[in-house]
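These are my notebook entries on a structure that I went through by eye and by calculation.

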Amino acid sequence: MDAYDRITRNASEVVTEDEVRTLAESPDGKRAYVGYEPSGVLHIGHMLTATKLIDLQEAGFEVTVLLADVHAYLNDKGTFEEIRQTAERMKEQFIAYGLDEEQTEFVLGSEFQFDREYTLDLHALELNTSMSRAERAMSEIKSGETVKVSQAVYPLMQALDIVYLDVDLAIGGMEQRKVHMLARDTLPSIGEDSPTCLHTPLIADLGSGVGKMSSSKGVTISMEDSTEDIEQKVNSAYCPPTADPEPDDEGNDRENPVLQIFEYHVFPRFETVVVERPEKYGGNLEYDDYESLAADLESGELHPADAKGALANYLDELVAPGREKIRQATQ
Ligand code: IYR
């Protein structure tokens, strides 16, 4: 796989393709980052962008993980002290998940976001941004119903992080795209370049296939889950024998979350995927790529129950090292 393909595999969107092609010409030493509001325990959404960071490290990038403590505070996620404590725990879980310890820099937002220069630049961006634009940027991120002033400051700080962390590529899930578009539009007003961005897909709710999987509602997988929790959640997942299910009765779009997790989590981390089956049901199946597994599910060669059994095993393998870190920390 060439550098461009590795950098962009499984991305929903890159902005812009030309800019990423230029980065892919000499990826060694280029810098990428993702920011996370610390919440203590990694869930499958964090793992998806982390898998992209692993791709980027394999392509030669240096990676920064921003533990965005000030952002979490602005987004009403707890007291600053509580948030700081959860940030420490996340770092260990990211490394357990597979981020290279040598090639990853972990930075707390509060290490640089209170500097005088940062604050002045932030105020300059505030002057150059309308309230409605800041509010729109937060539509997929903000918690609670009421828009607070803090939530208007939030996306401007996220834009400024890209400048202060001196990164070439900003990574985020699709819910971050409006913040990144705001960053592209407003950073030039303070004399900075528009950042290049890459967005990862959103996984549908595991139980229904409708909407996006989230840690606050519906079913999600996290590093706190036991092997049995994972088996139980995956076994009750929505998994019709197709990658393109019909909308539900209310007309909502649906995805197949089991296939999505194979595509975005399992195949990027395992060269071959083995689905174990007793001899009397045809014996084991082996797949080298996502497409052949999806095709077998579609044709009926692979039964959804067998696909789920394999998915639970692979997810468990991905989660196990982080689960062990959490166990050690809470003993
Ligand atoms: N908005 C992110 C957190 C975040 C991301 C980046 I990239 C930053 O520079 C700062 C914060 C979230 O929703 O978790």
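The entries below follow that order.

**Basis.** I worked from a predicted model, in which local features need pLDDT of at least 70, side-chain atom pairs count only at pLDDT 80 or more, and totals for chains, interfaces and linings use all residues. Residues are numbered from 1 along each chain as its sequence is written, and side-chain values use heavy atoms, with hydrogens and water left out.

**Entry 1: ligand site.** I first asked which residues surround the ligand. The shell consists of Y33, G35, E37, L66, A68, H71, I141, Y154, Q158, D161 and Q176; a residue counts here if one of its heavy atoms lies within 4 Å of the molecule. I sorted the shell into five nonpolar, four polar and two charged residues, with Tyr counted as nonpolar and Gly as polar.

A polar side-chain atom of D161 lies 2.7 Å from a ligand oxygen. The side chain of Q176 places an N or O atom 2.8 Å from a ligand nitrogen. E37 contributes a polar backbone atom, at 3.4 Å from an oxygen of the ligand. Taken alone, the ligand exposes 380 Å², of which the protein buries 92%; the areas come from the Shrake-Rupley method with a 1.4 Å probe.

Next I noted that β2 (31-36) and α8 (149-164) are the elements giving two or more residues to the shell. The largest share, three residues, comes from α8. Helices (H or I, at least four residues) and strands (E, at least two) are DSSP runs, numbered from the N terminus.

**Entry 2: helix α10.** In α10 (residues 227-235) I found I230, K233 and V234 buried, that is, under 20% relative accessible area, whereas exposed means over 50% and partly exposed in between (1.4 Å probe, protein chains only). Seen down the axis of α10, these residues fall within an arc of 95 degrees, so they line one face of the helix; the arc is taken from the directions from the helix axis to the C-beta atoms. E228 and Q232 are exposed on the other side of α10. The cover over the buried residues includes α13 (304-330).

**Entry 3: D168.** I located D168 in the loop between α8 and β5 (169-173). Is D168 buried, exposed or partly exposed? D168 counts as partly exposed because its relative accessibility is 29%. Leaving aside neighbours within four places in sequence, D168 is in contact (heavy atoms within 4.5 Å) with L23, K30, R31 and T196. Its side chain reaches the backbone nitrogen of R31 at 2.7 Å.

Note on methods: A polar contact is a pair of N or O atoms within 3.5 Å; within protein, one must be able to donate a hydrogen and the other to accept it, and residues adjacent in sequence count only if both atoms are side-chain atoms.
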